[in-house]
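Biologist: I would like to go through the labels on this model one by one. Please set each value against its cut-off.

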Amino acid sequence: MINTPSTHRQHLGARLRRRLDDDRGSATAEYAVVILAAVAFAGVLVAVMRSGEVQSILTELVRGALSL
């Protein structure tokens with residue numbers, strides 16, 4: 001078989017399609033992205049909860065709820 005530019009492009013196209021159709025490991029990568037996003041969100045939440053202003057708001061909210 002003679003390797004012409006046309007057949008070379010077809011071969012590369014077929015290889016690319018096979019690679020794009022192969023989704024092994026994609027679920028694991030998606031879980032990793034979700035876990036990283038959750039950890040980042042938790043970090044932001046901890047930083048916000050540690051601020052004095054938020055702590056005083058939450059303390060007053062709890063005191064108000066307990067005094068009823």
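Biologist: Why is Gln-55 called partly exposed?

Modeller: Gln-55 has a relative accessible area of 41%. Buried means under 20%, exposed over 50%, and partly exposed in between (1.4 Å probe, protein chains only), so Gln-55 is partly exposed. This is a predicted model, where local features need pLDDT of at least 70, side-chain atom pairs count only at pLDDT 80 or more, and totals for chains, interfaces and linings use all residues. Residues are numbered from 1 along each chain as its sequence is written, and side-chain values use heavy atoms, without hydrogens and water.

Biologist: What does Gln-55 touch, not counting residues up to four places away in sequence?

Modeller: Met-49 and Arg-50, where contact means heavy atoms within 4.5 Å.

Biologist: What makes Arg-63 and Glu-60 a salt bridge?

Modeller: The closest N and O atoms are 3.5 Å apart. The definition asks for a side-chain nitrogen of Lys or Arg within 4 Å of a carboxyl oxygen of Asp or Glu, so the pair qualifies. The structure holds 1 salt bridge.

Biologist: How are Arg-63 and Glu-60 placed in helix H3?

Modeller: They are 3 residues apart in H3 (residues 52-67), so about one helical turn separates them. Helices are DSSP runs (H or I, at least four residues), numbered from the N terminus.

Biologist: Why does Phe-41 count as exposed?

Modeller: Phe-41, in helix H2, has 58% relative accessibility, and therefore counts as exposed.

Biologist: Which residues make the nonpolar surface patch?

Modeller: Phe-41, Leu-45, Met-49, Leu-58 and Leu-61 make this patch of about 490 Å². H2 gives the most, with 3 residues.

Terms used:
Helices (H or I, at least four residues) and strands (E, at least two) are DSSP runs, numbered from the N terminus. Patches are made of residues with over 30% relative accessible area and no salt bridge: like charges are joined within 9 Å, nonpolar side chains (Val, Leu, Ile, Met, Phe, Trp, Tyr) within 5 Å. Accessible areas come from the Shrake-Rupley method with a 1.4 Å probe; for residues, only the protein chains shown count as cover.
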